[in-house]
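Hi there,

Here is the structure I promised to pass on to you. Have a look at it first, and then read my notes below.

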Amino acid sequence: MASDLTPRTQGRGPRGAAAGARTGAAGQASAWPAAAGPRDPDARFRSRQWRQRLEIAFFVTPALVLFAVFVVVPIVQAGRYSMFKWNGLGPMDNFIGFQNYANALADTIFQRAVTNNLLIVVLSIAIQLPIGLAIALLLNRSFPGRTAMRVIVFVPYVLAEVVAGVIWALLLQPNGPLDSVLDAVGLGFVKQVWLGDPGFALWTVIGVLTWKYVGLAIVLLLAGLQGVPEELNEAASIDGASWWQVQRKITIPLLGPTIRTWIFLSMIGSLQLFDMVWILTKGGPANATVTMATYLINQGTERSQYGYASAVAVLLFAISFILAILYQTFIQRNDSDDASVVRGRRKVSR
Amino acid sequence: MKRTTALRAVALGAGLAMLATACSSGGSGSSEETAGGDGENVTLQWWHNSNTGEGKDYYDQVADQFEQDNPGVTIEVSALQHEDMLTKLDAAFQTGDTPDVFMERGGGELAAHVEAGLVKDITESASETIANIGGVVDGWTHEDKVYALPFSIGVVGFWYNKSLFQQAGITEPPATMEELNAANDKLKAAGIEPISVGAGDKWPAAHYWYYFALRECSKDVMGEAIATRDFSDDCFLRAGADLEALVATKPFNTGYLATVAQTGPASASGLLATGKVAMELAGHWEPGVMKGLTEDGTGLGENTGWFAFPAVDGGEGDQAAQLGGGDAWACAQDAPDVCVDFIEYLLSDEVQKGFAEYDMGLPTNRSASAFVQDPALAGLLAVRNDAPYIQLYLDTEFGENIGGAMNDAIATVFAEQGSAQDIVDAMTSAAANE
């Protein structure tokens with residue numbers, strides 16, 4: 001099976017195969033014109049190997065430098081700051097070990113932020129997945145105006161988050177446009193103080209997030225649907241399966257890897273949620289919509305507690321990182337196998 | 001493919017180079033002229049936030065005049081947009097490369113700068129000007145030393161819509177809390193929402209508690225609390241109880257917990273400017289903000305009224321004391337001595353008179369008070385000048401850490417989820433964390 005999947009290295013001889021394996025990431029490099037090298041195959045190979053390394057270095061170094069300067073160094077620095085009580089001014093000389101972490105974990109508002117984040121993770125998936133799947137399946141059938149519909153559905157996701165936030169803040173203001181529309185259609189009784197009620201604000205935020213991000217789910221799932229071979233549907237139809245049966249037994253299982261990838265993206269986005277909440281409520285009222293990121297800004301940097309803010313940032317990073325690893329290990333583990341199963345089936349059907 | 005990478009590398013290199021130049025040019029500012037004696041050439045960097053129109057021109061003239069009067073002194077003026085200036089100043093304080101002359105808001109923020117060795121002690125060198133402007137320098141004093149000269153100080157009070165008050169049958173602006181509650185009832189009976197408050201931004205809501213604390217606590221107790229960060233006096237709890245009582249009467253605009261202070265027509269200022277509510281507790285900036293929020297650019301126009309925060313029955317504080325704040329000029333610790341001459345010049349009768357005439361703020365030099373043009377502001381200025389003392393906004397006074405914790409706790413009281421005790425507890429635990 002495995003050899004079926006790597007046709008490009010076949011018949012190239014053991015060395016070629018080894019080189020292919022060694023260069024891994026730079027797979028295209030093995031397609032370099034062989035005629036340019038000297039006659040002696042060994043020397044040719046060595047020279048080629050050298051050029052490959054040079055090429056890899058050339059392409060990778062700028063990215064690595066950027067990664068180091070803008071990702072690795074700040075993370076390490078944040079870890080260092082988090083051990084100090086420091087207001088950002090003057091020398092950082094008040095080392096307090098893990099006290100900042102202990103303070104954060106013991107703070108009820110931080111605990112609320114973590115709870116809110118986890119709630120948003122779960123609800124985003126629970127709400128957006130069924131909606132996204134349903135709309136993607138609909139949009140995958142052909143009907144007049146399908147392209148326009150696809151664009152419309154994706155517009156909220158393309159809109160800048162801050163712009164969308166400001167629009168919603170205006171729509172949701174007391175006696176604002178949304179309330180007027182509800183009154184006009186006789187639904188005045190569902191009116192709420194959408195963002196100003198501590199008991200309701202989080203639901204409003206989740207509603208807006210659904211509107212904003214369901215487009216991403218739809219587009220990803222639509223892309224996934226393109227990978228579901230038409231032949232399977234045909235075969236199933238010939239065997240007498242209804243449209244529903246085809247979706248349930250064939251399409252959705254084959255969408256598995258796409259769905260799991262989307263869940264991953266949604267989860268990370270929910271954990272790091274900041275912009276929309278900051279625009280709509282700033283984490284209020286009375287901390288009802290606080291997330292880890294708004295907590296970091298509000299309790300940390302806006303209070304000039306840079307050590308504490310760094311500790312919260314490290315906690316946010318750690319929580320996201322651990323969840324990501326767990327997810328990849330236990331849920332996305334089999335996806336590469338799934339993909340090969342699909343490809344295998346495709347071959348069979350030919 | 002290769003070309004784009006090469007281009008990218010070039011762009012990256014250029015970016016790094018620019019970054020490096022930016023850093024080095026930022027650093028060069030205040031260090032080149034530390035010699036600073038008479039007859040030598042001295043350059044002063046001055047950052048201010050009057051970056052448009054008459055105010056900008058006026059400050060340019062002021063700088064020119066000072067250069068003429070003091071040969072050898074060059075003033076490099078940077079007129080920055082307010083938020084930009086704050087961001088740049090924050091960065092400057094963190095790197096220690098501050099301009100020579102900059103703005104300080106006083107209180108805990110200033111104290112942090114002083115402790116980091118960033119601000120010049122001007123107690124002796126500017127003693128005449130300090131004596132001239134009087135008690136308002138208290139907010140810029142740290143451990144009995146003065147570090148900046150306040151040039152514009154306003155006080156917080158109720159801005160109200162005269163015609164809506166009339167409509168509701170309120171003849172006299174309320175002077176006590178009972179009268180305020182009675183006025184609220186009358187307004188509600190007339191179908192008018194009494195008060196707007198930008199509790200979404202927290203600080204506008206927090207002003208209520210500050211005022212209750214000012215009315216409940218004697219000046220000594222307040223001064224002690226500021227010095228020791230000890231908030232155990234009972235008067236702070238009474239201030240919270242007063243606030244809970246006020247919130248319980250539901251005088252505020254619908255959805256006030258998410259209302260912002262002064263951006264857009266649905267903000268607290270916008271609601272007052274467009275006649276949707278009858279009053280709002282705000283500072284001296286309010287008429288200017290309201291002008292920007294109405295289509296004809298006049299705000300409430302002739303209907304603009306102002307009254308001081310009402311007295312609280314049985315309070316131990318001075319019932320005429322006012323809450324306020326403003327901006328002051330400070331010199332960097334390592335700035336040349338002529339810097340102090342310059343900020344004293346900025347507080348002189350002459351410069352403050354022009355400052356008042358152009359409506360750039362509320363001058364602290366009393367000789368300039370008469371030149372304030374706006375009638376509403378002139379009335380407010382009279383109250384300020386007559387106040388027995390002016391307490392700096394408490395969040396500024398206590399610094400960002402305690403101030404932030406305090407404002408958050410006050411906002412939860414507005415949401416009827418926190419208690420008077422929670423405010424004191426939040427402040428105490430933030431203080432323990434300093």
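**What I found**

In chain A, 67% of the contacts between residues at least 6 apart in sequence join residues at least 24 apart, where a contact means that two C-beta atoms, placed from the backbone, lie within 7 Å. Please keep in mind that this is a predicted model: local features need pLDDT of at least 70, side-chain atom pairs count only at pLDDT 80 or more, and totals for chains, interfaces and linings use all residues. Residues are numbered from 1 along each chain as its sequence is written, while chains are lettered from A and ligands numbered from 1 in the order in which they are written.

Chain A has 16 helices and zero strands (DSSP runs numbered from the N terminus: H or I of at least four residues for helices, E of at least two for strands). Of its 350 residues, 25% are buried, meaning that 20 or more other C-beta atoms lie within 10 Å of a residue's own.

How do the two chains meet? On chain A, 22 residues are in contact with 24 residues of chain B. The chain A side divides into nine nonpolar, 10 polar and three charged residues (Ala, Val, Leu, Ile, Met, Phe, Trp, Tyr, Cys and Pro are nonpolar, Asp, Glu, Lys and Arg charged, the others, Gly among them, polar).

Now find H10 (residues 234-248) and H17 (residues 420-432), both in chain B. Residues making their contact include Phe236(B) and Leu237(B) of H10(B), and Ile423(B) and Val424(B) of H17(B). By class, this contact has six nonpolar, two polar and one charged residues.

Enjoy exploring!

How values were computed: Axes are lines fitted to C-alpha atoms, for helices over the stretch in contact, and angles run from 0 to 180 degrees between N-to-C directions. A residue is buried if 20 or more other C-beta atoms lie within 10 Å of its own, exposed if 12 or fewer, and partly exposed in between; C-beta atoms are placed from the backbone.
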